[in-house]
Structures are given as structure tokens and as C-alpha cells.
Amino acid sequence: MPRVRFIAATLALASLAASFTAPSHAQSRPGLERLYILNCGEGVAGDISRWSPGVNEGKSMDFVDNCYLIKHAQGWMLWDTGVADAIAAMPDGQKPADPRMTHWKRPKTLANQLEQLGVKPSDIKYVAVSHTHPDHVGNVEMFPQAMLLVQKAEYEWPGANNAPRFKPEHPVTKLEGDKDVFGDGSVTIISTPGHTPGHQSLLVKLPKTGALLLSGDAVHFQSNWENRRVPALNTGQEQTRTSMQRMADILAKEKATLWINHDKAQRETLKMAP
Ligand SMILES: [Zn+2]
């Protein structure tokens, strides 16, 4: 067969194959549409050596607290819920019991930001939290119908006086490792234990912006990430280092950008919603 005819025949076969596979491709096309960054708190950490033992002693730092609202064809998802909306009504914010910790304020409520975006709390299908510290679970019960996506290890971690971490009647899926939330690879919970027993991060593959890894509190600010520093209060020191390495591997493999939840300098480079 002359070479040109052979190529033409091969191309015809290839396009035939493409037409057969097209419908399933269309079905599995990721349904992720948008990600909104919400202001879920602003604060001042009294002594950041709490997060970087032996370094930055006595140095205070401004912290921010972000929530992320994800619009997917299958429904809305909220990643972290920030400090409690009730703090917005406190003129001087919420002072911590330990002055080295974070003094939080709430310039905007989560409820108000959702309203501005035209999203009702009952529209939220999934609420996933990075972990159960109060600056991340402050508004979980604004969404009593939403399916919680939490690691089993975090859910079962006893709170103060053995109190449960969540209301027992709240719908929950207890995860044991990573979870492809919508089944299309666009939003994946990544298990990153160490800060707490069932800490998790979130890999989001946006159609235009590209891949992002939302840190949760696997790291609190940039210099701690660069130096792999582990906060003294973490429940697993070695576990934290393993999780940080896993995150670095994912960033490289997915060509993803790390978004550090509490890092104010980074938030100032990003466009907040609405
Ligand atoms: Zn935090």
C-alpha cells in the first residue's frame, strides 16, 4: 500500500475509535466550575514559636483564616468553616486563654458571604474540614443537612472531657485515607495526619487556574513550610514530617500550587469572594 493511503486509512480508523469513545469521555469530564475564597477570620498570633519551636520566640504574626466554597456540577462543597460567626458580634474579637495563641476577629460572617453569593446553607451538599480545631469547625452546625467528610481518626479523637467532636446526629462519611469527592478526580481529600490525628488537605483541579493544594493546618506559614518545622502542639511529630513530604510529592506530580490557609501574605495576593 502506498504510504499516503496507509496513513489515511490509519487516520480513518483513529477517528472511528474516537467517535466510539467520545460519549464516555463526555460523561467523565470533570464538573468542577469555580472556587471562592471566603474570609473566615483575621487574627494575631501572640507568639509564633508555638508553631516553630526554638525559632521566632516571642514574635507575633498576623494570621488569616480562609474557607473555600467549591462549585461543582454535582453540588456545592465547603472546605473548612472558620471561626464561629458569633465572634463577628464581639467588638474586641475573641481573646485566647493563652496569650501566645491567636486572638481572632471576624470582619465578615460566613453566613453573610454565602448570602452575597446567592448560596443558601441548605444548598451545601458536602462540608469537609481539615481538622477539628475551633478556627476550622466554628460553623459546622450552620449546615445540619450537609454530609460531613471527615477522617475516622479525627471523628473518633476524644475532645475535652471526652466530648464528641461533632453532633452525633450530623450526617457523616468517616474516611480512612484519600477520597475523590465527586468521582471525577477534580476534588480530592488528601490524608495528612500529624497536626491532629485525622488532619486532611484538599487537592483541587480548577479548569483555568490549575491544580491547588489547600493546606489546612499541615503548615501555618511559608517559612515553616520551607524549613519543615513542626508545631509543638501537633499530635504526631514524625507523622507531620511524613505528611509534609507527601504534600511536596503531590505538588511536584500535579504541578500544583500550595495555598496555606493561615498565611496572610499569601492571601493578600489572592482574589477574595464575592
Ligand atoms: Zn487553624
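User: Rings of Phe, Tyr and Trp (its six-membered ring) pair if their centres lie within 6.5 Å; planes under 30 degrees apart count as stacked, over 60 as edge-to-face, and the rest as tilted. Which residues do ring pairs link into a cluster?

Analyst: This is a predicted model, where local features need pLDDT of at least 70, side-chain atom pairs count only at pLDDT 80 or more, and totals for chains, interfaces and linings use all residues. Residues are numbered from 1 along each chain as its sequence is written, and side-chain values use heavy atoms, with hydrogens and water left out. The structure has six aromatic pairs. Ring pairs join a cluster of Trp51, Phe63 and Phe221.

User: Are the rings of Tyr36 and Trp76 stacked, edge-to-face or tilted?

Analyst: Their centres are 6.2 Å apart. Their planes meet at 35°, so the pair is tilted.

User: How many residues apart in sequence are the parts that Tyr36 and Trp76 tie together?

Analyst: Helices (H or I, at least four residues) and strands (E, at least two) are DSSP runs, numbered from the N terminus. Tyr36 is in strand E1 (residues 32–45), and Trp76 is in strand E3 (residues 75–79). So the pair ties together parts separated by a residue count of 40.

User: Are the rings of Tyr155 and Phe166 stacked, edge-to-face or tilted?

Analyst: Tyr155 and Phe166 are both buried (under 20% relative accessible area; exposed is over 50%, partly exposed in between, with a 1.4 Å probe and protein chains only). Their ring centres lie 5.6 Å apart. Their planes are at 10°, so the pair is stacked.

User: Which residues coordinate the zinc ion?

Analyst: Donors are N, O and S atoms within 2.8 Å of the metal (3.2 Å for Na, K and Ca); water is not among the atoms, so sites may look incomplete. Along the chain, the donors follow the spacing D-H-x80-D-x44-H. At 2.0 to 2.2 Å, the zinc ion is held by Asp135 (OD), His136 (NE2), Asp217 (OD) and His262 (NE2).

User: What arrangement do the four donor atoms make around the zinc ion?

Analyst: Four donors count as tetrahedral if all angles lie between 85 and 135 degrees; four count as square planar and six as octahedral if opposite donors are over 155 degrees apart and all others between 65 and 115; anything else is irregular. Here the donors subtend angles of 89 to 165°, so the arrangement is irregular.

User: What is the relative accessible area of Asp217?

Analyst: His136 is buried, at 0%. Asp217 is buried too, with a relative accessible area of 2%.
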